[in-house]
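Hi everyone, thanks for coming. I'd like to walk you through one model today, so let me put it up on the screen.

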Amino acid sequence: MMSILDWYLGRTIFKYTSLVLFVLVGLFMFIQFLDEVTRVGTGNYDFLDMIIFLVLSTPRVVYEIFPMSALLGTMLGLSSLAVDSELIVMRAAGMSITGISWSVMKSAALIILSAVVIGEFITPYAETQAQRGRSEALQMSITQKSDFGLWMRDENSIIQVGEMLPDLKLLNVKIFEFDGEGNMRAAAVADSGKFDNNEWVLYNLRQSIFVDKGIKTLHLKSANWQSKLGPEVLRVFLVRPEQLSALDLDRYIAHLKKNSQNTDRYELAFWQKISSPMAIVVMVLLGIPFVFRSVRSGGVGGTLFLGIMLGLMFFAMAKGFGFLVLIYGIPPLAGAFVPLLIFLVIALFMLRRVA
């Protein structure tokens, strides 16, 4: 059961974490705004589309910087108590650094709960809508207004793709061809398709051609398909790890393995989602000893600067190990947890020094 002191410390940490989160989100979104504004004017992508995209992208940014915000929020919250001599009073009342640390760690539960809700329920939906809306605006020939695959128009043809895999292999392809008056002249269904030598090759193609005397049917093991819709256009509709919850990622990874696809990118995203709550705990734990060191030395400002550097270092290291996984084939589990373990060792070492 939480004591009054636990509630007080928890409220202070959560307040400052929220403040830091608000500032960092504003900074990151401003940087994304500068990058996104260069695309305004492409296709149907206007300023309003960009604002909608940025708003829908905000939950993803919030989720990504939660650990850094927890670190800085903990340091700012405890520093504010140190400046008002409240930490000294707590120590004088017989509360040990370990006891204060445990009370602070309890407050991390609310931060973790907030991160899980945003990461598992809000971000997948918002990110899907953000990417879909921007892609539709940028690519005028493609629409995806439902969850029933991609619908595309290529001159006098309408194409539906049931699913596109990470290697740009198409599954369940349907092609409907029309004449200049809008009458259907042919319909084709293929089990799969792949881009090869600057053209699409469709496999197990069944085609029905409407002629004056009736319907002519063809069944081919493979057939070339000429289309202006190349991989560079379709790539924007690939399923992104950010669009999926941990449960959906697990299911999608199993699906990709059945189709002989490389799953490293998605496995990395899965383990990063699993490790994210632990990262918040480690960051909160890391912020505690630096504040107590500043209380003894009187250097609060320098400690906060160091906290910012540590937060940026963790953020950069997590991203960097992710790239190493994708480039050098390092196990995704290691890519997600190695940076976390490094900072956990640092946090426990520093706590032992100040305890």
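Let's start with helices α1 and α5, whose axes lie 9 Å apart and meet at an angle of about 30°. Please keep in mind that this is a predicted model. Angles under 35 degrees count as roughly parallel, so α1 is roughly parallel to α5. The crossing of the two is right-handed.

Which residues make the contact? From α1 we have D6, L9, G10, I13, F14, T17 and E36. On the α5 side there are I100, S103, V104, K106, S107, L110, I111, S114 and R134. By type, the α1–α5 contact splits into 7 nonpolar, 5 polar and 4 charged residues.

Now have a look at R134, which sits in α5. Is R134 buried or exposed? Its relative accessibility is 15%, and because buried means under 20%, R134 counts as buried. Beyond its sequence neighbours up to four places away, R134 touches E36, R39, Y45 and F53.

Next, the nonpolar cores. The largest one has 59 residues, and the members touching the most others are F66, L78, L87, I100, I280, M283 and L286. The elements that each give two or more residues to this core include α1, α5, α8 and α10.

Let me zoom in on L286. Leaving out neighbours within four places in sequence, L286 is in contact with L71, L310, F343, I346 and A347. Apart from this core lies another one, of 21 residues, including L168, A188, A223 and W225.

Conventions. Residues numbered from 1 in each chain as written. Predicted model: local features only at pLDDT ≥ 70, side-chain atom pairs only at ≥ 80, totals over all residues. Heavy atoms only, no water. Core = buried A, V, L, I, M, F, W, Y, C linked by side-chain atoms within 4.5 Å. Buried < 20%, exposed > 50% of the residue type's maximum accessible area, 1.4 Å probe, protein only. Helix = DSSP H or I, 4+ residues; strand = E, 2+ residues; numbered from the N terminus. Contact = heavy atoms within 4.5 Å. Axes fitted to C-alpha atoms, helices over the stretch in contact; angles between N-to-C directions. Parallel < 35°, antiparallel > 145°, perpendicular 65-115°, else oblique. Left-handed = near helix turned anticlockwise from the far one by under 90°. Nonpolar A, V, L, I, M, F, W, Y, C, P; charged D, E, K, R; others polar.
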